[in-house]
Amino acid sequence: FGLSACRGFVAHSSGMALVLAPSGSLFQVWDDSGSAWLAHTKTGEVAQLELPFGFGSSEGTELHETADGHAVLVFPDGSKDWAQRKVDLALYTDTAGKEHFIASQSRGTLVSLTDFLASFESMRVGVGLGINETNIFIQVVRFEASPGGASLWWSLRDVFKACGLTYESMKSAEWMNKHLDRWCSWLHQSLGMPEGHLRRAKPYGSYNQADASRAVPWTSVSSHGLLALMVRWSALPPGRGGLAGENATKVRSMLVAVLQRFRWNGAFVVKLFLGGAQKWSPPSPLHGEVVASIVVEHGCVDLGELAAMARLPHSKEVDGMLDVAFKPWKSQPQGVDLVDWLSGVAASLPIKVSEELVSQVCVQLGNFLEKLLLAERAGVSSKGAEKEPPRHIRDRLDLRLALTDSVEQHWRDKMNRCLRYLLAERRKMEDMTEVS
């Protein structure tokens with residue numbers, strides 16, 4: 001089915017022969033929203049899959065590996081295709097296998113893997129703080145690649161400055177360096193985020209890009225990591241890593257301001273995996289068992305589905321999750337403030353359960369936040385469009401439609417579960433009637 005056209009392609013750069021690297025371990029495939037999705041783990045590129053002949057759903061597509069280590073897609077209708085054909089970026093290596101390069105088929109570019117991973121562009125994000133919601137701008141960089149699941153990285157120094165924190169009679173850099181390893185460990189080991197969601201600054205005076213994770217000249221944190229750390233600092237007691245007194249209040253105000261961006265972008269669904277989530281392996285999304293959904297709209301959460309689940313028998317693990325995620329709000333499950341709910345979950349016991357839920361929510365909120373900011377970023381460079389709305393308006397509408405679709409799918413799934421439950425109860429009643 002035409003593997004040789006991709007596998008045998010040889011590029012040349014400065015007289016060096018390059019061949020396509022074995023890709024069997026470089027791809028992920030998963031099902032979501034009725035389709036299959038493919039991701040390249042080195043570049044973070046994600047593509048929605050379609051059947052080769054365009055008929056039917058691609059859901060259920062499998063990823064196989066050839067004898068020489070290349071990735072093949074096997075579709076539900078039995079057709080096959082070369083996985084590399086479905087994405088733009090490809091990983092090449094020299095014939096000795098020592099140097100790696102990234103080639104873009106659409107742009108016709110070829111760069112070293114190290115340079116590609118270290119490539120970023122700078123931007124600023126305004127956060128409205130205070131009674132008048134005055135915009136305070138924070139430095140953010142957008143990386144070309146997002147293999148760790150994050151494209152946007154925030155200046156931690158700017159975040160602290162915007163919050164107006166005091167630093168235990170020391171400079172902000174000293175205070176940050178004192179706690180940085182502890183924060184990294186918490187994100188990776190306790191919350192299960194991939195390594196590198198909190199990155200140290202590039203060494204002063206260094207021009208060597210050998211370590212792509214330290215390409216930015218200031219300490220930076222991903223959107224996912226930033227949300228999780230702000231929850232930690234504002235909601236947890238000092239003994240568990242939180243900040244004390246006024247500092248905690250200031251960080252909470254920053255968390256509210258960042259999440260404020262969701263208020264005017266329609267409703268969206270956050271999934272809770274009450275049976276436990278599998279370890280997050282980006283670029284693929286979180287997966288897990290016993291899925292419950294909470295709807296987030298205008299800064300509030302609807303815990304109605306958790307309320308319905310709490311009335312049914314479950315395993316001990318699921319009941320423990322429900323106790324943390326729902327029990328404190330049992331009397332009023334609708335219209336709960338998002339930050340209040342997230343803070344309450346984080347401060348609950350047992351710690352392992354609260355950290356699991358905080359991780360799941362912050363990963364998904366981080367993804368939504370990146371989509372919003374990147375949509376705004378795209379709109380800035382496309383002003384003056386004619387015959388159609390400006391790019392930033394189209395992006396917002398597309399995002400709103402996508403989020404609305406997820407909510408509609410959530411309610412369709414909920415209705416189907418209710419129907420299945422009622423049918424099962426009816427069968428039980430009929431069985432009891434026959435016995436009597």
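## Packing of α6 against α9

In this predicted model, helix α6, spanning residues 245–259, packs against helix α9, residues 338–347, with the two axes 10 Å apart and at an angle of about 130°. The crossing in which α6 passes α9 is right-handed.

On the α6 side the contact is made by Arg 252, Leu 255, Val 256 and Leu 259, while α9 contributes Leu 338, Val 339, Asp 340 and Ser 343. Sorted by class, the residues of this contact comprise five nonpolar, one polar and two charged.

Elsewhere in the predicted model, three strands form an open sheet in the order β3-β4-β5, and their pairing is antiparallel. The edges are held by β3 (27–32) and β5 (46–48), each of which pairs on one side only. Averaged over the sheet and with direction ignored, neighbouring strands are turned by 25° against each other.

Six bridges join β3 to β4, the strand of residues 35–40, in the antiparallel sense. Among the facing pairs, Phe 27 has His 40 of β4 as its bridge partner, and Asp 31 stands opposite Ala 36, also in β4. The hairpin of these two strands has two residues between them, and within this hairpin Ser 33 takes a positive phi near 55°.

Terms used
Residues are numbered from 1 along each chain as its sequence is written. This is a predicted model: local features need pLDDT of at least 70, side-chain atom pairs count only at pLDDT 80 or more; totals for chains, interfaces and linings use all residues. Side-chain values use heavy atoms; hydrogens and water are left out. Two strands pair if DSSP finds at least two bridges between them. Helices (H or I, at least four residues) and strands (E, at least two) are DSSP runs, numbered from the N terminus. Axes are lines fitted to C-alpha atoms, for helices over the stretch in contact, and angles run from 0 to 180 degrees between N-to-C directions. A crossing is left-handed if the near helix is turned anticlockwise from the far one by less than a right angle, and right-handed if clockwise. Contact means heavy atoms within 4.5 Å. Ala, Val, Leu, Ile, Met, Phe, Trp, Tyr, Cys and Pro count as nonpolar, Asp, Glu, Lys and Arg as charged, and the others, Gly among them, as polar.
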